[in-house]
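Dear colleague,

Please find below the structure for your review. A summary of the findings follows it.

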Amino acid sequence: MRTISENRCFEGVQGVYAHSSTSTGCDMTFGLFLPPDAQDGPVPVLWYLSGLTCTHENAMSKAGAQAYAAEAGIALIFPDTSPRGDDVADDEAYDLGKGAGFYVNATQDPWAKHFKMWDYLAEELPAVVAEHFALDMERQAITGHSMGGHGALTLAMRQPGRFRSVSAFAPIAQPTHSDWGRKQLNAYLGPDEGAWLDHDATHLMTQLGFDGEVLVDQGDADQFLDLLRPEALAQAMAARRQPGTFRMQHGYDHSYYFVASFIPDHIDFHAQALWK
């Protein structure tokens with residue numbers, strides 16, 4: 001692992017690091033904010049998964065999360081959204097290929113060689129950060145925006161016991177019924193729609209639920225509302241009587257202004273679960 005940058009930030013350190021990934025077969029970059037409390041020992045972890053076209057840098061620079069994480073004594077991890085490199089397959093469309101890994105393990109060519117983002121986030125990157133930084137991996141939570149909200153919800157529900165809480169900003173809530181999902185799941189996983197269901201948050205909420213609290217925020221002025229299908233997830237949460245909250249926020253769109261407006265609520269939500 002190598003250090004790309006480290007900057008003093010709210011009395012903690014905002015770092016950017018890179019390492020050679022066995023999951024994706026290429027170098028991967030991630031951001032990590034360590035609050036000042038990390039100087040005294042391991043701190044809890046909040047993962048932030050980003051959306052389409054993003055890298056590790058978008059949320060790190062735009063969400064405004066570090067100030068609240070510093071106060072709460074929580075580390076923030078900002079992974080990349082896909083493998084990168086000259087030999088990594090890509091597509092001309094913004095919603096497939098680099099920047100659009102959809103947090104799955106691809107089984108179809110040309111994606112299968114590198115696009116193993118599920119393994120990377122479920123297994124490899126947690127082991128890497130646990131080895132090198134002062135993190136309490138017994139206390140983890142996860143959040144994400146858009147495609148990252150989809151990833152956060154599916155990782156949380158399919159890994160019971162790992163995360164104490166999960167939240168999402170405008171998640172792609174039902175990708176098996178949306179153009180933001182059907183195209184990508186077919187490309188990465190093939191035409192068998194049964195193989196897609198493990199990556200559909202609404203299906204997983206119906207079948208599994210989450211063994212903790214859930215918080216979802218969605219703007220009612222989101223320009224991608226029909227693609228996100230938040231109503232399906234809200235209905236599944238209600239039908240399951242899932243502990244948690246779904247909030248439709250009036251006037252908010254899909255941008256990082258939306259994320260920044262409600263990131264204090266989300267960090268407080270996770271802090272309550274992480275510090276129990």
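The cover over the buried residues of helix α5 includes α7 (225-228); contact here means heavy atoms within 4.5 Å. Helix α5 itself comprises residues 179-189, and its buried members are Trp180, Gly181, Gln184, Leu185, Ala187, Tyr188 and Leu189. Buried denotes under 20% relative accessible area, exposed over 50%, and partly exposed in between, with a 1.4 Å probe and protein chains only. These residues span an arc of only 165° around the axis, and therefore lie on the same side of α5. The arc is that of the directions from the helix axis to the C-beta atoms.

Please note that this is a predicted model, in which local features need pLDDT of at least 70 and side-chain atom pairs count only at pLDDT 80 or more, while totals for chains, interfaces and linings use all residues. Residues are numbered from 1 along each chain as its sequence is written, and side-chain values use heavy atoms, with hydrogens and water left out.

Beyond its neighbours within four places in sequence, aspartate 95 contacts Leu52, Ala100, Phe102, Trp180, Lys183 and Gln184. Aspartate 95 and glutamine 184 are separated by 89 residues in sequence, yet by 7.6 Å in space, C-alpha to C-alpha.

As to the whole chain, the protein has nine helices and nine strands; helices (H or I, at least four residues) and strands (E, at least two) are DSSP runs, numbered from the N terminus. Its radius of gyration is 17 Å, close to the 19 Å of the globule rule for 276 residues, so the chain is as compact as a globular protein of that length. That radius is taken over C-alpha atoms, and the rule is 2.2 Å times the number of residues to the power 0.38. Buried residues account for 59% of the 276.
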